[in-house]
Amino acid sequence: MLNILLRYTNLIIITLFILSLLSFALAYLFPGDPIEIMTGLKLEELQKLQNQSVNIGYDPEGGVLSQYGHYMSELFSGNWGVSFNSGQPLYEEIMQSLPASIELSAYALTISLILGLPLGFIAALRHHKLPDYTLLSFSVVGYSIPVFWLALILILVFSLHFGWLPLSGRLSLIFDVPNKTGFILIDILMSDIDNKHAVLLDALRHLILPTLSIAIVTTTLILRITRRSVIETLNSEFIQAAYARGLTTRQVLVRHGIRNALIPILPLLAMQFPTLLTNAMIVETIFSWPGIGSWLIQAIYQQDYSAIQAGMLAVSVFVVLFTMSIDMLLRLTDPKRKKVERGTI
Amino acid sequence: MARFNLYQEEQHPSPLQYTWLEFQKNHIAMGGLVCLVLFILITVFCPLLAPFDPNLQKTGNILVPPSWDANGGITHIFGTDGLGRDILSRVLYGCRMTFGISILLVVFALLVGVGLGAIAGMSKGFRSSFLNHTLDSIQAIPTILIAIIIIAILGTGLVNSMWAIVLALIPQFVHQTRDFVRSELSKEYVMAARLDGASKIQLFARSILPNMGETLVMQATLALSISILDISALGFLNLGAQAPSSELGALLSQGIEVAYIAPWNIALPGGALFLMVVSVNIVGDGLRSALKNRLLH
Amino acid sequence: MTLHACDALITSKTDPNGIVYCSEGSPSSFNPQLDTFGTTVDASSHQLYDRLLDFDQTSGEIVPALATSWIISPDGKTYTFQLRKKVAFHNISTFTPSRYFNADDVLFSFNRWRLSTHPYHQVSGGRYPYTDSLNLNKLIKSVKRLNGYRVEITLQKRESSFLANLATDFAIILSAEYAKTLTARNQKQLIDSVPVGTGPYKLSDFRQDQYIKYSKHPEYWRSDKLTDKLIFDITPSSSLRLAKLITGECDAIALPAHSELEVVRQQDNLVLDEEPGQNVGFWAFNTSRPPFDNPAIRRALSMAVDRNALLEAIYFDSAIAAQNIVPPTSWAFQPDVKKVNFNPTAAKKMLRENGIEDGFSMTVWAMPVKRSYNPNAMKMAELIKGYLQDVGIQVNIISYKWSIFREKLSLGLHDSVLIGWSADNGDPDNFYRPLLSCAAIESGTNRAMWCFEKYDQIINEALDYSDTQERAYFYGQANELLAEQLPLLPIAHASKYQAHRKELNGLLINPYGGIRFGGVTKH
């Protein structure tokens, strides 16, 4: 166990190091001056700051190696430079938008799990029967639908036609909720504003459509994964043996089926994480959700390279930490596994 | 020359034929295949099918509703967009662009992926493990992020977004090939070939590759649906195909401007896109279950 | 129980204490002295500040604001203003005013753009496009404080449009005391980003490309009703603005798209106001670049484009075709100038005669934002591209982010540009001088980069007279000169529209300039 922990810590550190190198390299690959990109300030402004003997953290004449040293030390001190476009510190902007994305994806994932897992089981248990076919065709439709089109249709129907739900942002701008954790529902519950109930309701109203758009696609993925896994488990020999011992279907499922079917599902679910994130980023731009996805895409439109560099690093570090921790967790719970199993949905 | 049938036994279909027979039994899959063939025909014969030039602007004919609408006309079956361009033609050309490019990308990714996978499968040690880790990292990064980096460096455009998608597609082919090669290497027929003195390249090309065909086609259909969704998503976000282009995602994003007054501008391109992905996925599913059934027997 | 919860989730309740206005972009600063563009003006001029004079929103007449009365000397050169008493400046977290508005503030506000030696002149770049383009800095000889509430402004020469210029969105009054405090703190640049004025609302929060939040100025001098909060929700896409208006996420929207006006009219809970526009949308040729310095080529290009088709496709018939640069409602309008007729064959011939061969390529810059005078420049550029292709000219359409676009435009990097102008006051001089005078090249409003001595002479002469009939004679000459030279091709005068929800009361179209939320309420 310690062995696994050590191995993974090692792996994470190496990967993060490579990521930092890549991110540093981006400053040189993007059009423009590397120092401008790393600080977000124009060279003239930097010159001015230097003349006022303000420490800018970089040495304009230094070599690449010393530049990398400066870059890392600035990164760790939380000084990620400022955005070309808004002039705001990037660290703060990212720390506001990243939680918004995580929050949205987390709710969508939760809903998908709550719906997808049981439906997958139902489909598998009624293999080659009507419920299976119904669910299967629903799932083909669900995971073939382009998420941006789905979101647009949901907006057309629920926002514009019926006028039930808002279509942009995460909270009406009228309300001011102090930003503590970056997760809007938690922030509202923690705050001491007077009309908490109304604000909470407003936040929920804003959440419904974006969450639903992502969740519909993710649910169908989970349904398919679960169904396959359960069917495979039910066909395996130990299940046959359990039946042979005279257990009822229910007993077989509870004692042997569910657990053994779930174990191979988990790594496959983790593999869907990039898809989930991609969908979340697209949905964010449609619903003007102030998350990291719409933030990065805005940065691309405005050629805000300093923002792209910092945002990229933040997201990729998050993705790496997340997937590796899941991976490690799986290894710890199931030491038999040699490596991540890959599969198709 | 007609062959004389000496035995009374029923004919034994080849594995390929068997898969096809299994596939045919599945009516939904056949429907998907028909749809898919339709899209292939559109892709090939688009200029003959489209009634108008997709970029022809008719200022007198702006936002004409489709022909089933009370205000619609017969000239423009799917209506026109905000610049008076015929939507049917634009959707047809859009299908061609999205579908054609996706196929190109998949073929490219398949070639590279199988090559790399073969190397990874046949070799051991550092080379293989390095490749593994690199591919795992690429696979863990959402396509859109890869696209953003490439586009930030090279600028927006269809070709640049294509690189991002190819990069995202390659790993699964590599994994598929490597795992397959690994499992085949221990089988007797490969061993026999090896004992005959076949080199690694011969081993792969002559013995293993012919057995991979169906799995690869199945994987390719999966990749195709991902590729279609990705290329249109990037077009939709204005990161891929740019404004006057009729790529389906770009069409959708151009349609948003008039979404409320002319909903057919987003309904029709979106519907075409959806149909395309559904048919690809249905065919993929059908292939997979046909393959599974064959192996079971 | 669940039903009740569902009900609560889907019934939108709007807060009567706040107005949300969906605007089209981020302001470049919160000081309209620095920027003539509508977005900045909307976000600052009438919300944060007041002027000495105002235009009456319905009649367009000049009415008292911070100046309660004024006297003009018989020679028309000296203006004396009596100032309003007990007008409070905003009290913000970093500044608490200790006194009411007085003559010092007027002196500070005028001298800032007027005198290049003023300590605040160079702060935020030192360019004051509106006043510079009208040469107001040279026109004003002196601004004198007679006493705390009396100011005297002397001009070099008589100029009939002077009072109107003082009532425009750009002649705002800043706080001299705030400036002094900032100087002491060595934070001069904050004067335009953390503003202090006397207007109905004060700035409380701004996030670039996301929102501007204002709160009520409790001691506002007018008796206007104010809501606690005013929010500008920055939404660049016009279809999204309309969608938000329909769902009630916005109470009012900027610049409804012409194609969507019918939708607004059909919705029961929405109101659409309309006014004939005091603006002009045009296609300007960069006359400083060959071959566009040749009037014949400019004419040929103009003839290759069917303006009536543009009108239909871009403005959806909510605009009238432009003959002059001034709209027909202006007394300087002249219907019988030399017309440019759509004739591609003649245009092609003319181009060949002037050495433009098949395959010549030029750029058309299309502004990335929507304005009433050109609701969709991108689309117009695409249409023009189609027309010019027919006469053998390749067009590259160019567009940048708005701020970069304007920066590059004022450097004159374009071959031609689709842009326009909205009048800031009722005086026709407001079209002729900022758009095409030599001085306007420097201040960045002359998009044609056109400097024509005879033209400058005519329009300056027009200002020496106060009688409109006499002035109209000169503007008639100017119109003819423009029709002959065609430094720009006027395309349309578009109506000005404003869409808002029924709950909103008191929101009027301001014919000259920015939107005004003082006195707007919601129930």
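Two residues are said to be in contact if their C-beta atoms, placed from the backbone, lie within 7 Å. In this predicted model, local features need pLDDT of at least 70 and side-chain atom pairs count only at pLDDT 80 or more, while totals for chains, interfaces and linings use all residues. Residues are numbered from 1 along each chain as its sequence is written, and chains are lettered from A and ligands numbered from 1 in the order in which they are written. By that contact rule, Val140(A), Val141(A) and Ser144(A) of H6(A) meet Phe274(B), Val277(B), Val278(B), Asn281(B), Ile282(B) and Asp285(B) of H10(B).

**Where chain A meets chain B**

- Helices (H or I, at least four residues) and strands (E, at least two) are DSSP runs, numbered from the N terminus.
- In chain A, helix H6 covers residues 130-144, and in chain B, helix H10 covers residues 264-296; their axes come within 9 Å and cross at roughly 130°.
- Such axes are lines fitted to C-alpha atoms, for helices over the stretch in contact, and the angles run from 0 to 180 degrees between N-to-C directions.
- H6(A) and H10(B) are therefore oblique to each other (under 35 degrees counts as roughly parallel, over 145 as roughly antiparallel, 65 to 115 as roughly perpendicular and the rest as oblique).
- H6(A) passes H10(B) in a right-handed crossing, a term used if the near helix is turned clockwise from the far one by less than a right angle, with anticlockwise giving a left-handed one.
- The contact of H6(A) with H10(B) has 6 nonpolar, 2 polar and 1 charged residues.
- In these classes, Ala, Val, Leu, Ile, Met, Phe, Trp, Tyr, Cys and Pro count as nonpolar, Asp, Glu, Lys and Arg as charged, and the others, Gly among them, as polar.
- Between the two chains, 33 residues of chain A are in contact with 34 residues of chain B.
- On the side of chain B that touches chain A, H10(B) gives the largest share, 9 residues.
- That side of chain B divides into 26 nonpolar, 7 polar and 1 charged residues.

**Within chain A**

- The axes of helix H5 (residues 90-125) and helix H9 (residues 196-234) of chain A come within 6 Å and cross at roughly 35°.
- The crossing of H5(A) and H9(A) is right-handed, and their contact comprises 22 nonpolar, 7 polar and 1 charged residues.
- The domain assignment of chain A, which is automatic or taken from a database, gives domain 1 (1-39 + 41-80 + 304-345) and domain 2 (100-291).
- The C-alpha centres of domain 1 and domain 2 of chain A lie 31 Å apart.

**Backbone features of chain C**

- Most residues other than glycine have a negative phi, and most peptide bonds are trans.
- Lys86(C), however, has a positive phi of about 55°; this residue lies in the loop between strand S5 (78-83) and helix H3 (103-114) of chain C.
- Lys86(C) is exposed, with 8 other C-beta atoms within 10 Å (a residue is buried with 20 or more such atoms, exposed with 12 or fewer, and partly exposed in between).
- Asn135(C) also has a positive phi, near 60°, and is placed in the loop between helix H4 (129-133) and helix H5 (136-139) of chain C.
- Asn135(C) counts as partly exposed, with 17 C-beta neighbours inside 10 Å.
- The peptide bond from Pro290(C) to Pro291(C) is cis, with omega near 0°.
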